[in-house]
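Here are my notes for your first look at this model. Please keep the structure open as you read.

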Amino acid sequence: MGETDLNHLREEIDHIDDQLLNLLTARVEKVSEVLKVKCNQGDKNPVIYYPKREAAILDRLVNQNKSALSDEAIRLIFSTMITQCRLLQCDALLTSTEKS
């Protein structure tokens, strides 16, 4: 494999990383929308952490895993993403409570 081939592969990886970041951004926006819906339904203290839902998400993704990554790796990657989104919801909720 020549340097040109290697550079091309790296460019493709960079493009995939860009797509992943865009998808992550879209997920974060949806998570924010979920919190807004919960708050608009009159719930002053909406539940942020649903362990059964998170477990179901992780199980679904592991079952779909056809990559070379282990199931444990898939769980780690997605549980980290879910945790960070949950923390964003908590921060947003605290911020909105402080403004009230």
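1. Start with the largest pocket, which holds about 400 Å³ of space. This is a predicted model, so read every value as computed from that prediction. Lining this pocket are 18 residues. Nearest its centre lie Arg-27, Val-31, Arg-53, Ile-57 and Ile-82.

2. Which helices build the lining of the largest pocket? Helix 1, helix 2 (51-64) and helix 3 (71-99) each give at least two residues. Helix 3 has the largest share, with six residues.

3. In the largest pocket, 10 lining residues are nonpolar, seven are charged and one is polar.

4. Now turn to the second largest pocket. Its space comes to about 220 Å³. Leu-61, Gln-64, Asn-65, Lys-66, Ser-67, Leu-69, Ile-74, Ile-77 and Phe-78 form the lining.

5. Helix 2 and helix 3 each supply at least two residues to the lining of this second pocket. Helix 3 gives three, the largest share. By type, the lining has five nonpolar residues, three polar and one charged.

6. Last, the surface. Ile-16, Leu-20 and Leu-23 make a nonpolar patch of about 300 Å². Leu-23 sits in helix 1 (residues 3-40). Is Leu-23 buried or exposed? Its relative accessibility is 58%. Exposed means over 50%, so Leu-23 counts as exposed.

Methods. Residues are numbered from 1 along each chain as its sequence is written. This is a predicted model: local features need pLDDT of at least 70, side-chain atom pairs count only at pLDDT 80 or more; totals for chains, interfaces and linings use all residues. Side-chain values use heavy atoms; hydrogens and water are left out. Patches are made of residues with over 30% relative accessible area and no salt bridge: like charges are joined within 9 Å, nonpolar side chains (Val, Leu, Ile, Met, Phe, Trp, Tyr) within 5 Å. Accessible areas come from the Shrake-Rupley method with a 1.4 Å probe; for residues, only the protein chains shown count as cover. A salt bridge is a side-chain nitrogen of Lys or Arg within 4 Å of a carboxyl oxygen of Asp or Glu. Helices (H or I, at least four residues) and strands (E, at least two) are DSSP runs, numbered from the N terminus. Buried means under 20% relative accessible area, exposed over 50%, partly exposed in between (1.4 Å probe, protein chains only). On a 1 Å grid over the protein atoms alone, a cavity is a set of points where a 1.4 Å probe fits but cannot get out, and a pocket is an open set with protein on both sides within 12 Å along at least five of seven lines; lining residues have an atom within 4 Å of a point. Grid points are joined across faces, edges and corners, and a volume is the space filled by probe spheres set on the points. Ala, Val, Leu, Ile, Met, Phe, Trp, Tyr, Cys and Pro count as nonpolar, Asp, Glu, Lys and Arg as charged, and the others, Gly among them, as polar.
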